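User: I would like to learn how to read pockets, cavities and ligand surroundings in a model. Please start with the general idea and then turn to the case at hand.

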Amino acid sequence: MRIVYVIGTRPNFVKTAPVIAALRRRLPDGRHAVVHTGQHYDRAMSEVFFEELGVPAPDHMLEVGSGSHAEQTARTMERLEPVLEEEKPDLVLVPGDVNSTLAAVLTAAKMQIPVGHIESGLRSFDRTMPEEINRIVADEFSEHLFLHSDEAIENLRAEGIAEERMHFVGNTMIDTLVALEDRFRAAGSAGRLGVEPGSYALVTLHRPALVDGALLPETLRQLGDLAKQMPVVFPVHPRTRKKMEAVESGHPGLLLSEPLGYVDFLSLIADAGAVLTDSGGIQEETTYLGIPCFTLRNNTERPVTIRAGTNTLLGLDPAAIATIPASLAKRPAKRLKPPPLWDGHASERIADVLT
Ligand code: UD1
């Protein structure tokens, strides 16, 4: 069996690393070719993850870099097609919902190569999000859909997708978290930043709807106010950093850092008093770890995290940040059960289906 894995962004690496490892164990004589599209390329957004997660060095680097949606998608398709011609895979595996995912699925589907989509069936029902368009296309044109939560089943049925293409396997991002648990529990990243475990808010923001427009200055002002009540630790995504440079407040009270490696970041989540984010994956990691998460968006494609009791949708409204201390005071401190099949074995189940 010849498999090509196409990955391009930080969360892609986390979701795919355990799947590559499981399939390499199961099919030691198969060809396992890793294609890095280069959508993320800074060391802190890419190489660090390959090192920490033990992902083999990519066999093909497409170096597509940044650009508009059309540019990024088109460059990926153009550069991936000859790689697939050379590799002649039986299967292309792609995770998530980023532009690399969309490009890989379209390229492979047109070459009539079967595609497996990891993290299939998520829907925010908000087509202003580029990721929603990417997910719908990826699911429509993939033959094997690997679902990470049971709510995905209904979403896919509603789009007329046949049951036999759906495989409810669980969450591969949680496989990576479980595999790294000893390391991140011992990492002590909070101490190194000079904050007490349990005392601080960990913040990540990167979605265009929040950081590219007029909401960013007010969000930073609200974070400054929150920092008067609890330390605010904020590793800054490169997209956000560029936008913050234009906001001239100096961001007093915020503990800003470069993007962190995964072990350090999981250590900070596990020890946080609260997490404030617009990321998808972080809503899941906080759910698994039982950490209160506040999501600065109007919707989520991961309602399972709300049902689990850890995630609160604040809306796309910076003023709602001010409600966090009162919500925390009311919240019962107990670890809830993770959603079904978020157990560290999702990748093994993917390997079961494919072998
Ligand atoms: C992308 C995904 C988003 C995902 C996020 C995870 C799409 C449409 N968006 O968003 O779904 O949640 O990755 O991080 O695919 N940049 C750098 N260095 C890098 C990468 C990016 O400086 O290594 C800067 C560039 O200015 C670039 C901007 O960040 O233009 C945005 O990068 P891009 O890959 O287009 O989207 P993300 O915001 O990272």
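Analyst: On a 1 Å grid over the protein atoms alone, a cavity is a set of points where a 1.4 Å probe fits but cannot get out, while a pocket is an open set with protein on both sides within 12 Å along at least five of seven lines; lining residues have an atom within 4 Å of a point. Grid points are joined across faces, edges and corners, and a volume is the space filled by probe spheres set on the points. This is a predicted model, in which local features need pLDDT of at least 70 and side-chain atom pairs count only at pLDDT 80 or more, while totals for chains, interfaces and linings use all residues. Residues are numbered from 1 along each chain as its sequence is written, and side-chain values use heavy atoms, with hydrogens and water left out.

User: How many cavities of 30 Å³ or more does the structure hold?

Analyst: There is one cavity of 30 Å³ or more. The largest cavity has a volume of about 50 Å³. Its lining includes Lys15, Glu119, Phe146 and Ile350. Strand E5 (115-120) and helix H7 (172-179) each give two or more residues to that lining; helices (H or I, at least four residues) and strands (E, at least two) are DSSP runs, numbered from the N terminus.

User: What volume does the largest pocket have?

Analyst: The volume of the largest pocket is about 1,200 Å³. It is lined by 50 residues, of which Thr9, His40, Met45, His206 and His237 are closest to its centre.

User: Where does the ligand sit?

Analyst: A molecule sits in a cavity or pocket if more than half of its atoms lie within 2 Å of its grid points. Here the ligand sits in the largest pocket.

User: Which residues around the ligand come nearest?

Analyst: A residue is near a molecule if one of its heavy atoms lies within 4 Å of it. Around the ligand there are 18 residues, and His40, Asn99, Glu131, His206 and Lys242 come nearest. Helix H12 (238-244) supplies at least two residues of this shell, as does helix H3 (69-87). H12 gives the most, with three residues.
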